[in-house]
Every structure is written in C-alpha cells, then in structure tokens.
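User: I am new to this structure and would like to know how its labels are decided. Could you take me through them?

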Amino acid sequence: MDLTNYTDDIGPGLVIVAGLILFLIPEPATSTLGIGLMLFGLAYWFYEWGRP
C-alpha cells in the first residue's frame, strides 16, 4: 500500500478534522471558524476528487 497515492486526500481531510475539533469547543467564535473550515475542507475535497 503506497501512501503517495492518497496525498490529495490528506490535506482536505486534515482541514475537515481541524474544523470538527474547533466546532466541538464550546465557544461561539471557534464553532463558527470550525464550520467554515469544514465547509472549506469539503469544497477542497470535491475540487481534488476529479483531478488526476
């Protein structure tokens, strides 16, 4: 199993996980930032999906 085939998925995945962690912190500012990061990570993941 070669992990270099999955490098395009690691970046967006880490952004989504960081957004989830910030969302779970019970502070309105970090929750808002977490939602923004998760949406950005999902958009970035869909952008990278069809690229070779």
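Analyst: Happy to! Helices are DSSP runs of H or I with at least four residues, strands are runs of E with at least two, and both are numbered from the N terminus. By that rule, Trp49 has its place in helix α2. This is a predicted model, where local features need pLDDT of at least 70, side-chain atom pairs count only at pLDDT 80 or more, and totals for chains, interfaces and linings use all residues. Residues are numbered from 1 along each chain as its sequence is written, and side-chain values use heavy atoms, with hydrogens and water left out.

User: Why does Trp49 count as exposed?

Analyst: Buried means under 20% relative accessible area, exposed means over 50%, and partly exposed is in between (1.4 Å probe, protein chains only). Trp49 has 64% relative accessibility, so Trp49 counts as exposed. Leu39, which is also found in helix α2, is exposed because its relative accessible area is 57%.

User: And why is Arg51 called partly exposed?

Analyst: Its relative accessibility is 42%, so Arg51 counts as partly exposed. Arg51 lies in the segment after α2. The C-alpha atoms of Arg51 and Asp8 are separated by 9.1 Å, although these residues are 43 apart along the chain.

User: What makes Ser31 buried, and which residues does Ser31 touch?

Analyst: Ser31 counts as buried because its relative accessibility is 17%. Ser31 lies in helix α2, which covers residues 28-49. Contact means heavy atoms within 4.5 Å. Leaving aside residues up to four places away in sequence, Ser31 touches Leu22, Phe23 and Ile25.

User: Which residues of α2 are buried, and what puts them on the same side?

Analyst: In α2 the buried residues are Ser31, Gly34, Met38, Gly41 and Glu48. They cover an arc of only 115 degrees around the axis, which puts them on the same side of α2. That arc is taken from the directions from the helix axis to the C-beta atoms. As background, an α-helix has 3.6 residues a turn, so residues three or four places apart point the same way. On the face of α2 turned away from its buried side are exposed residues, including Pro28, Thr32 and Tyr47. What covers the buried residues of α2 includes α1, residues 7-24.

User: How do you know that the buried residues of α1 line one face?

Analyst: Pro12, Ile16 and Gly19 are the ones buried in α1. Seen down the axis of α1, they fall within an arc of 60 degrees, so they line one face of the helix. The face turned away from that buried side carries the exposed residues Leu14, Ile21 and Leu24. The cover over the buried residues of α1 includes α2.

User: Which helix gives the most to the nonpolar patch?

Analyst: That is α2, with six residues. α1 and α2 each supply at least two residues.
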